[in-house]
Amino acid sequence: MGHELRRPEADLLRDGIYELRVSLQGVHYRILYFFHGKMAVVVSHGLIKERTVPPKEIDCAVERKQQFEVNSRKHTYEEA
């Protein structure tokens with residue numbers, strides 16, 4: 001659903017950073033990502049126990065987004 005996916009599965013946090021919430025076998029995962037053209041770019045992932053994503057984690061995601069936008073080829077995985 002891309003940009004249209006909303007709560008409770010996803011939400012826009014700030015500065016173009018979205019959060020995807022996934023639960024598997026009672027464990028809650030948070031994936032932070034942004035859209036670049038037709039791509040969804042993952043900038044952070046992991047387990048989370050808090051009800052909200054810590055601001056420090058969002059700041060880190062924003063910084064990674066800026067780095068990607070400067071040189072997307074350097075920060076894109078391509079299988080050989």
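Guide: Here is a label-by-label tour, with the rule behind each name.

Guide: A quick note first: this is a predicted model, where local features need pLDDT of at least 70 and side-chain atom pairs need 80 or more, while totals for chains, interfaces and linings use all residues. Residues are numbered from 1 along each chain as its sequence is written, and side-chain values use heavy atoms, with hydrogens and water left out.

Visitor: Why is Leu24 called exposed?

Guide: Look at its relative accessible area, which is 51%. Buried means under 20%, exposed means over 50%, and partly exposed is in between (1.4 Å probe, protein chains only). Leu24's 51% is over 50%, so exposed it is. Leu24 also sits in strand 2 (helices are DSSP runs of H or I with at least four residues, strands are runs of E with at least two, and both are numbered from the N terminus).

Visitor: What makes a nonpolar surface patch out of Val22, Leu24, Val27 and Tyr29?

Guide: Patch residues need over 30% relative accessible area and no salt bridge; nonpolar side chains (Val, Leu, Ile, Met, Phe, Trp, Tyr) are joined within 5 Å, like charges within 9 Å. Leu24, at 51%, clears the area part of that rule. The patch as a whole comes to about 300 Å², with areas from the Shrake-Rupley method with a 1.4 Å probe, where for residues only the protein chains shown count as cover. Strand 2 (17-24) and strand 3 (27-36) are the elements that give two or more residues to it.

Visitor: What about Gln25: where does it lie, and why does it count as exposed?

Guide: Gln25 is in the loop between strand 2 and strand 3. Its relative accessibility is 77%, so it counts as exposed. Its phi is near 50°, a positive value in a residue other than glycine.

Visitor: And why is Asp15 called partly exposed?

Guide: Asp15 has 47% relative accessibility, so it lands in the in-between class. You'll find Asp15 in the loop between strand 1 (10-14) and strand 2, and its phi is also positive, near 50°.

Visitor: How do you know that Tyr18 and Tyr33 are stacked?

Guide: A pair of aromatic rings is described by the distance of the centres and the angle of the planes. Rings of Phe, Tyr and Trp (its six-membered ring) pair if their centres lie within 6.5 Å; planes under 30 degrees apart are stacked, over 60 edge-to-face, and the rest tilted. By that rule there are four aromatic pairs. Tyr18 and Tyr33 are 5.6 Å apart, centre to centre, with 20° between the planes, so both values pass and the pair is stacked. Tyr18 is in strand 2 and Tyr33 in strand 3, so the pair ties together parts 15 residues apart in sequence. Tyr18 is buried at 11% relative accessible area, and Tyr33 is buried at 9%.

Visitor: What makes the pair of Tyr33 and Phe35 edge-to-face?

Guide: Their ring centres are 5.6 Å apart, but their planes stand at 90°, so the pair is edge-to-face. Tyr18, Tyr33 and Phe35 together form one aromatic cluster.

Visitor: How do you know that Asp59 and Arg14 form a salt bridge?

Guide: Side chains of opposite charge can pair when their charged atoms come close. The rule asks for a side-chain nitrogen of Lys or Arg within 4 Å of a carboxyl oxygen of Asp or Glu. Here the closest N and O atoms are 2.3 Å apart, so the pair passes. Asp59 lies in helix 1 and Arg14 in strand 1, so the bridge ties together parts 45 residues apart in sequence. Asp59 is partly exposed at 41%, and Arg14 is partly exposed at 31%.

Visitor: How many salt bridges does a search of the whole structure find?

Guide: Five salt bridges turn up. Among them, Arg21 meets Glu19 at 3.0 Å, N to O, and Arg30 meets Glu19 at 2.3 Å. Arg30 is in strand 3 and Glu19 in strand 2, so that pair ties together parts 11 residues apart in sequence. Arg30 and Glu19 are both buried, and Arg21 is buried as well.

Visitor: Which residues do salt bridges that share partners join into one network?

Guide: That would be Arg14, Asp15 and Asp59.
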